[in-house]
Amino acid sequence: QVQLVESGGGLVQAGGSLRLSCAASGRTFSSYAMGWFRQASGKEREFVAAITWSSYNTNYADSVKGRFAISRDNAKNTVYLQMNSLKPDDTAVYYCAASSRGTGYYVPIRSVDYDYWGQGTQVTVSS
């Protein structure tokens, strides 16, 4: 069992930056691939970024490539999402998730491949 708690969301102007954190409980955190997803009002949840258990590989949605960076610190049981050059279209509830289906190289990008989810943190980008 893994419990996930996101933090770091808030209101920011377009062009600004935020760093989201996701703290995980459980001693097996380092064995899970970790991902970030988001859901805007009235839209389906979408993949944002993911990272393998060892940080060897990452994957990003095309809409955030070059602007967002995912990282993790297994010693702190925490995964991060650094978000730069934010746009109003980035406004959404952001969720972190843990997947047991990742490998040393492969990171899942489908939400159905993730086993545990956090409650989400709201990110609002004003124009």
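## Basis of the description

Buried is used here for residues under 20% relative accessible area, exposed for those over 50%, and partly exposed for those in between, with a 1.4 Å probe and protein chains only. By that scale S85 is partly exposed, with a relative accessible area of 42%.

The structure is a predicted model, in which local features need pLDDT of at least 70 and side-chain atom pairs count only at pLDDT 80 or more, while totals for chains, interfaces and linings use all residues. Residues are numbered from 1 along each chain as its sequence is written, and side-chain values use heavy atoms, with hydrogens and water left out. Helices (H or I, at least four residues) and strands (E, at least two) are DSSP runs numbered from the N terminus.

## The disulfide

A search of the whole structure, taking a disulfide as a pair of cysteine sulfur atoms within 2.5 Å, finds one such link. The disulfide is formed by C22 and C96, whose sulfur atoms lie 1.9 Å apart. The pair connects distant parts of the chain, since C22 belongs to strand β3 (residues 18-24) and C96 to strand β9 (residues 92-99), 74 residues apart. The link of C22 and C96 is right-handed, with 40 degrees about the S-S bond. C22 counts as buried at 0% relative accessibility, and C96 is likewise buried, with a relative accessible area of 0%.

## Aromatic pairs and charges over rings

A pair of aromatic rings is described by the distance of the centres and the angle of the planes. Rings of Phe, Tyr and Trp (its six-membered ring) pair if their centres lie within 6.5 Å, and planes under 30 degrees apart count as stacked, over 60 as edge-to-face and the rest as tilted. By this rule the whole structure holds six aromatic pairs. One of them joins F37 and Y114, and because the ring centres are 5.1 Å apart with the planes at 80 degrees, this pair is edge-to-face. F37 lies in strand β4 (residues 33-39) and Y114 in the loop between β9 and β10 (116-117), so the pair ties together parts that are 77 residues apart in sequence.

Y56 and Y105 form a tilted pair, with 6.0 Å from centre to centre and 55 degrees between the planes. This pair also links distant parts of the chain, Y56 being in the loop between β5 (46-51) and β6 (58-60) and Y105 in the loop between β9 and β10, 49 residues apart. Y56 is exposed, and so is Y105.

A charge sits over a ring if NZ of Lys or CZ of Arg is within 6 Å of the ring centre and within 35 degrees of the ring normal. The charged end of R45 sits over the ring of Y95, 4.0 Å from its centre, and that of R72 sits over the ring of F29, at 4.6 Å from the centre.

## The largest pocket

On a 1 Å grid over the protein atoms alone, a pocket is an open set of points where a 1.4 Å probe fits, with protein on both sides within 12 Å along at least five of seven lines, and lining residues have an atom within 4 Å of a point. The largest pocket contains about 200 Å³ of space, and of the 13 residues that line this pocket, R38, K43, E46, D89 and D90 are the closest to its centre. The lining divides into two nonpolar, three polar and eight charged residues, where Asp, Glu, Lys and Arg count as charged.

## Loop residues and backbone

Most residues other than glycine have a negative phi. S55, however, has a positive phi of about 70 degrees although it is not a glycine; this residue is found in the loop between β5 and β6 and counts as partly exposed at 34% relative accessibility. S85, in the loop between β8 and β9, also has a positive phi, near 50 degrees.

A61, in the loop between β6 and β7 (68-73), is buried, with a relative accessible area of 13%, and lies 5.1 Å from V48, C-alpha to C-alpha, at 13 residues apart in sequence.

Methods. Points joined across faces, edges and corners; volume = space filled by probe spheres on them.
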